[in-house]
Amino acid sequence: MEQVVSIKRKKKRRNIFYMLKEDYKKHKLIYFMLIPVLLYYIIFQYGPMLGIVIGFKDYRPGLGIFGSKWVGFEYFQHFLSSRYFWRLVKNTLTINFYLLLFGFPAPIILALLLNEVKHKAFKKTVQTITYMPHFISLVVVSGIIVDLVATDGVINDILAFFGFQRQNLLTISGLFRPIFVTSDIWQHIGWGTIIYLAALSGISPSLYEAAKIDGANRFKQIIHVTLPGIAPTITILLIMRIGKMMLVGWEKIILLYNPVIYETADVISSFVYRKGLLEFDFSYSTAVGLFNSVINFGLLIAANKIGKKISGSGLW
Amino acid sequence: MVAKKIVAIMLVFVMGLAVFSGCSKTEDNHGKQSTSGESSPSGSDSADKDKRPSFEYWHPIHAFTAKGMESHNEHPFAPRLAEETGVDVKYVNPPVGQEEEQLNLIFSSQNLPDAFHSNLSENYKGGVDGAIADGIIINATELIEEHAPNYMAMMSADEDVRRDSYTDEGTIKAFGSIIPAPEMRGLPFWGPFLNKKLLDKTGLGIPETIDDWETMLIAFKDMGIKAPFTWPANNTIGFLNDVFSGAYGVPSESEFFKEGNVVKYGPIQEGYREFLTLLNRWYEMGLLDADYLSRNMNKHVKPMLINGEAGATVAHLTNLEQLEHLAKADNKDIDLIAVPYPVLNKGDQIHFRHFLSNVKKEATFITTAADDPVTIVKWIDYLYSPEGIELTVWGDEGVTFEYDEQGNKKYTDLVENNPDGLPFSYARRQLVIHDIISTYAWDEQKIFYDTEDQHDAWERWQKADYENVLPESLLFTVEEQEGYSRIMSEVDTYVEEMFTKFVMGIESLDNFDQFVATIKDMGIDEATAYKQASYDRYLDR
């Protein structure tokens, strides 16, 4: 019995090593090409991670990271006891929840619709137009949004036509999230469809033929063939999306918000930006950022577990 | 097959190299071994050059200067200055707009230049004394007192300047940043102005009181002007520069002020309620720009004034001239005049207004990396000598400046009407090494703010004084600083938020008492005590 176990272990160990070796022999060049990628991750992704240590220190640039004094969890305590803590967490989660609820399905729906279009030229045109906004700089996009919702902007022109009073829509706290989410969908919907369209093209046409023979109409075909076909892709993207539940890009927020709508618009990342870059409080800023990442990490693991249980596919 | 392999291997190498060179390049930018200084043209032979002492000087480059050259090393006056002082300076210029980030990178990379020019009290946690304690800069007090006669003479000539130049610990805090001309002390550069063409149409006189302003703004409104009053709020509560609030005896932002020797916090005063009530009433009446919050000077306020969509604003002195210049090019008929800071009742005296402090916050600091601090001290002191001021402000006689009939200095046509078509403000910096001066020469300022309107502006704005404004050079101890910023960063956010809500009527002014209570709850009394303590120390300096 013991012998069997040891042989098994040996075999297994040899197996991985052996496999790697065999693989290396076969694809030497590919392993060489891996070097720059590894270096990139080590230098630019993992290296800077050591910097999070300043979240636990009273970081003073003159003393350097190692020379600065340890303060433990002081900055975390500051943040947790801050008057704005709950508001920031709530806003971050709410905006993300809206993005998940409306922003996540949008490209799937568009991809399904595009998939049904048989006219090639029309399909290509729609695709090009919808993913164009993805390439516009955020500063420009925000500029466009600010102009659109200004008191004398187009949206107010339309509202005024129907008898509403003119008002700068970005000064109404209740409207910030809709404006943010709508513009986000507009900007990224086309880009998001690419991956789904790729997944759709992988579904075997024979499945559709079989469904047709069984008497399924086009709607039924979507429900029973198309959707299950892209389900793994959807699950993986959903898990990755949930892993970012506590993240909102600060650039767009700080370009759009103003003091009147801090109440709904101020999120953790914009707070970190104000603290770290405007008040030079690097340690505090790092601590808040780390807090955020830890929660994201937890969410990602949870989402992966649930995803695996429900659909059997996950990230790992 | 072989060819394919070779191509692939080369590709890998190129990519790998790109990664490495990417890193080393950024290192080089702030590295001490920066070679940028060596390209500076020098008239003298190389043997002579070797003998000259030299130091590396990190200094921001003005955007106007940067249009004509990469760095100050290429400036036509850099070699002249080296010759006069016998010191070679290697200038290191951060990219325009990234000065603060670059400086912080230098601090954390520990690759210090010999000297740098910046606002250390705001850009470094703990300010000047903190930077000395952390070993970034040296305490140059004794060196300066011994080796900088010109600077010391200027600093000691005025009690306020002397007080502003030292920290509570007796360290010279800002070497190289004085307004020497008594005529310029306390001069206002920001204030209210309006379009006189519109005012004339209403038949009203120049507004002096808040009521005059209201009558005038209502008249503007009735004439169909979209935004009778607007200001570049830039999504903050800033840029009103105490206009209107001064009439109620409070500053316009989240600020501390003094009454006698007692420090108080503005937004919790009764006057602040009245100030907010006024703005709120004007907003509801449509006298304020409905979109004032998102207004930006260049993008919105300027075009609105030129097109007659706005009647009055608060802006910088240079805007007076610029705007009329722009309007002329557009064939628009405007005539801007500065008007006094409004008062509540005729004859009142305002104690809040914009003014230029005697000691600028940006100054030169000598780092611990400097081998020969005395040379640096002497070099900077040269900038304060009469010859140094002439060279850095005016340049060479006969080339960039000449004397007029009255014996006053005057820029030549090379600067003022540049043959290559450079605008005056660009030419002034590209032809004369203006960026590195730390003194203001009054003769030159007079030329720069030359129009009659601008001189009127000074006269009218100066009717207000700034007795209740706290000096800029108050300093905290490290503990005070920590407590103060912990309290104030929350208070500032809260006040900013509530200010706009009160003005726009989103929050009723009946809740003002609640607002005051919340601020007290956040610990404003503690923060006020810190301010008071630092003000007391300031008076003792």
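Let me start at one spot in chain B, where Gly191(B) stands opposite Ala315(B) in strand S8(B). This is a predicted model, in which local features need pLDDT of at least 70 and side-chain atom pairs count only at pLDDT 80 or more, while totals for chains, interfaces and linings use all residues. Residues are numbered from 1 along each chain as its sequence is written, chains are lettered from A and ligands numbered from 1 in the order in which they are written, and side-chain values use heavy atoms, with hydrogens and water left out.

Now the strands around that spot. Strand S4 (residues 190-195) of chain B and strand S8 (residues 310-316) of chain B run antiparallel and are joined by five bridges; helices (H or I, at least four residues) and strands (E, at least two) are DSSP runs, numbered from the N terminus, and two strands pair if DSSP finds at least two bridges between them. Both belong to an open sheet of four strands in chain B, with the order S5-S8-S4-S9 and mixed pairing. At its edges are strand S5 (227-229) and strand S9 (336-338) of chain B, each of which pairs on one side only.

Two helices lie across these strands. Helix H14 (residues 297-306) of chain B lies across S4, S5 and S8 of chain B, at about 135° to S8(B), whereas helix H21 (residues 452-461) of chain B lies across S4, S8 and S9 of chain B, at about 30° to S9(B). Here axes are lines fitted to C-alpha atoms, for helices over the stretch in contact (heavy atoms within 4.5 Å), and angles run from 0 to 180 degrees between N-to-C directions.

Let me turn to where the chains meet. Which residues touch, and how many are there in each chain? In chain B 43 residues are in contact with 37 residues of chain A. Between them the two chains bury about 3,400 Å², 57% of it on carbon and sulfur atoms, where buried area is the accessible area (1.4 Å probe) that two parts lose on being put together, summed over both.

The rule finds four salt bridges across this interface, a salt bridge being a side-chain nitrogen of Lys or Arg within 4 Å of a carboxyl oxygen of Asp or Glu. Arg60(A) forms a salt bridge with Asp134(B), with the closest N and O atoms 2.5 Å apart.

Within chain A, the side chains of Glu22(A) and Lys25(A) also meet in a salt bridge, at 3.9 Å from N to O. Because Glu22(A) and Lys25(A) are three residues apart in helix H1 (residues 2-26) of chain A, they are separated by about one helical turn.
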